[in-house]
There are 2 protein chains.
Amino acid sequence: MKKKITLKQIAKELEVSISTVSKALKNSEEISADTKEKIQAFAKFYNYKPNNVAISLKNKRTKNIGVIIPDIVHHFFTTVFRGIEQYANKQGYNVIVCVSDDSFDREVINMEMLANGSVDGFIMSLSAGTQRKNDFNHLKEITDQGIPLVLFDRTTDKIDCDKVLIDDREGAFKAVQKFIKNGRKKIALVTTENYFSVSNAREAGYREALANADIEIDEHRILKLPNMEVDENAIHEFFNSNRIDAVLCVNEIFAIHCMNLVQKKGMRIPEDISFIGFTDGILSKYANPGLTAIAQHGVEMGEVAAKMLIEKVEYESDDEEEEETYQTKIIESTIIERGSTIN
Amino acid sequence: MKKKITLKQIAKELEVSISTVSKALKNSEEISADTKEKIQAFAKFYNYKPNNVAISLKNKRTKNIGVIIPDIVHHFFTTVFRGIEQYANKQGYNVIVCVSDDSFDREVINMEMLANGSVDGFIMSLSAGTQRKNDFNHLKEITDQGIPLVLFDRTTDKIDCDKVLIDDREGAFKAVQKFIKNGRKKIALVTTENYFSVSNAREAGYREALANADIEIDEHRILKLPNMEVDENAIHEFFNSNRIDAVLCVNEIFAIHCMNLVQKKGMRIPEDISFIGFTDGILSKYANPGLTAIAQHGVEMGEVAAKMLIEKVEYESDDEEEEETYQTKIIESTIIERGSTIN
DNA sequence: AGGCTTAACGAAAACGGTTTCGTGTTAATA
DNA sequence: TATTAACACGAAACCGTTTTCGTTAAGCCT
């Protein structure tokens, strides 16, 4: 077992000073060619690599970024994470992930774990708990300390920082518009309770598109499910008591459930009833028929978030006091057409 | 913007030495009650938290663990990661993830990025590139340096280290046995080319179960697809030219594709043909009919891997030289029964 | 009063680097 | 020959902690 070698050890072995070794390895002009060669050869032989922790301490920069998300076993977040990791790695940053599990407390704990020098900045999507509690002090503390923060998808306007959003409203709008173009009039929405800003935005887009086409909004055609443990009976009841020819679902799971159910009832997709679901995930792709989906481009979102964060991180270190200026970027969603709609 | 306060600043402000502050905050007996109270109050007021990087340097322990996986947008890996993160966090460790994207080079680069002090140990699943290249020098270097390493799922026996495996052979065996118990005789296997140790193990289990039941193995009933971009024609051809009443698939995607296809051909699942697929993911759950699956218990796997790693990490630091002893743990898979088989 | 213990605190080394600012030697110049 | 500039290297500070080992002064004992 050969432990990593340090500058000090090299210096002692070669009977020079630590500074000489450090400079030689950086190819400094100060050091003679002879000495440099000798030191570099020795270092290479022993596979010397500077210790990241020491460098972090010296530079006051860790080259780590912290990502806190509600869930990792979730296609959308995973996708965004992929984008973050990809871009960050390319820029020489590593990514530390913490999962809040949609709990306010865990989110706070995770932030505190990382905030004491472990990372140069944060990228996060708020936990359901935090959104429900409407308490953002932990974020405030971070930004007050001058630590860069980028919020994505599940954000809040109570905090001043960079943000990356999906045009949920616009996505729902386009989906409903597509239904209307296909001649559908009895358009339903299957959504969650209004905890999340996303569901609200999607519902808004749904309403707007209908209003825009002078279709009266029938509140009975809006089904709000309390959580992700889908209640089959509620869906059953919903489709029995309403005449519906198109359904917009705020997530894949709801869509798949509804599709399976209406097919069992003998309805044909897309002839009798069309479906569009939010978030183009694996389920949409492999559903039968394929589910036309509003794709969120998570990877792009992650890349954008990482880019914004790293820019702030590298800027901050140069300039001390400066007017902070924050931006909000919108990632456009697109409709991926599949068999569940008439194209 | 109030930057984090340091011991030095507290010391200067209160006109005591740094050591006194440090001790006071640790409630050392050496410091008088008066002084302690004063310092603690001051520290609390300015929300003092020790700098993690400095502590890491001092302790030569980062409390970070590195996870390198081939892919993160992949249900199984995500699940394992969840288990790792959960356990690690509970023990006060953070997790740095790097995605190798199934490339040998990226795997090597990622390891090198983290190996210079950024993490205390590694948990990884080998990239396809690495398995194909059969080159494990980067792992050897890590273990030679005494850095703990735990391999999971996609491993190699060329490296001595802790391992966590899934009983792929046994899982396939049980699946085929179930088919046989249901009276099926013409049992097919849909798998990948033999790059991965997992596919090999699964194929072995398949063959063993058939041999065990004195069913002759018909090589035509084994379909090997070159990659995940499923070739519909190959599947079509396969089901047309073979009489088959049960199919074991080495992953969900293959299973879903095959199920959709045979259903289009008018066959009924599970009456005419049964399906079992590896890795109980989201697709199996929401397939129509639901796909009976061999569940891998990724979360448990991750927890076990993290536990093994952290034990090694904390042990190493105590004891210097010691007989290294490595273990291999097997996570048992279980069959989740759904509509694609007769139960 | 002199010697002792003990309480309360500070100085300094250490972790592993980087970087600024000397400093001694040599060779070129006046 | 004395002065100086260039060269090659080293000492030391610094990043923020922890921890060992003094050091000082007060209080006690004989």
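**Figure 1. Salt bridge between B:Arg82 and A:Asp101.** In this predicted model, the side chains of B:Arg82 and A:Asp101 meet in a salt bridge, with 2.6 Å from N to O. A salt bridge is counted where a side-chain nitrogen of Lys or Arg lies within 4 Å of a carboxyl oxygen of Asp or Glu. Between chain B and chain A the count is 2 salt bridges. The two chains also share 14 residue pairs in polar contact, both residues being at pLDDT 80 or more. A polar contact is a pair of N or O atoms within 3.5 Å; within protein, one must be able to donate a hydrogen and the other to accept it, and residues adjacent in sequence count only if both atoms are side-chain atoms.

The model is predicted: local features need pLDDT of at least 70 and side-chain atom pairs count only at pLDDT 80 or more, whereas totals for chains, interfaces and linings use all residues. Residues are numbered from 1 along each chain as its sequence is written, chains are lettered from A and ligands numbered from 1 in the order in which they are written, and side-chain values use heavy atoms, with hydrogens and water left out.

**Figure 2. The side of chain B that touches chain A.** Contact, meaning heavy atoms within 4.5 Å, involves 56 residues of chain B and 55 residues of chain A. Together the chains bury about 4900 Å², of which 57% is on carbon and sulfur atoms; buried area is the accessible area (1.4 Å probe) that two parts lose on being put together, summed over both. In chain B, the residues losing the most area to chain A are B:Met1, B:Asn116 and B:Tyr286, which together account for 14% of what that side buries. Elements giving two or more residues to this side of chain B include helix H4 (52-59), helix H6 (104-115) and helix H8 (137-144) of chain B. Helices (H or I, at least four residues) and strands (E, at least two) are DSSP runs, numbered from the N terminus. The largest share, 8 residues, comes from H5(B). By class, this side of chain B has 22 nonpolar, 23 polar and 11 charged residues. Ala, Val, Leu, Ile, Met, Phe, Trp, Tyr, Cys and Pro count as nonpolar, Asp, Glu, Lys and Arg as charged, and the others, Gly among them, as polar.

**Figure 3. An open sheet of 12 strands with members from chain A and chain B.** The order is E11(A)-E5(A)-E4(A)-E3(A)-E1(A)-E2(A)-E2(B)-E1(B)-E3(B)-E4(B)-E5(B)-E11(B), and the pairing is mixed. Two strands pair if DSSP finds at least two bridges between them. The edges are strand E11 (328-331) of chain A and strand E11 (328-331) of chain B, each pairing on one side only. Direction ignored, neighbouring strands are turned by 20 degrees against each other on average. Strand E2 (residues 94-99) of chain A pairs with E2(B) in the antiparallel sense over 3 bridges, and A:Val95 has B:Val97 as its bridge partner. Within chain A, strand E4 (residues 149-152) and strand E5 (residues 162-166) pair in the parallel sense, also over 3 bridges; there, A:Phe152 is partnered by A:Val164.

**Figure 4. An open sheet of 6 strands in chain A, with two helices.** The strand order is E7-E6-E8-E9-E10-E12, with mixed pairing. Strand E7 (222-225) and strand E12 (334-336) form the edges, and the twist averages 20 degrees from one strand to the next. Strand E6 (residues 187-192) runs parallel to E7(A), joined by 4 bridges; A:Leu189 has A:Ile222 as its bridge partner. Helix H11 (residues 232-241) of chain A lies across E6, E7, strand E8 (246-249) and strand E9 (274-278), running at about 175 degrees to E7(A). Helix H12 (residues 252-264) of chain A touches E6, E7, E8 and E9, its direction making about 160 degrees with that of E9(A). For these angles, axes are lines fitted to C-alpha atoms, for helices over the stretch in contact, and values run from 0 to 180 degrees between N-to-C directions.

**Figure 5. Two cis peptide bonds in chain B.** A cis bond joins B:Ile269 and B:Pro270, with omega about 5 degrees; B:Pro270 is in the loop between H12 and strand E9 (274-278) of chain B. The bond from B:Asn288 to B:Pro289 is also cis, with omega near -5 degrees.
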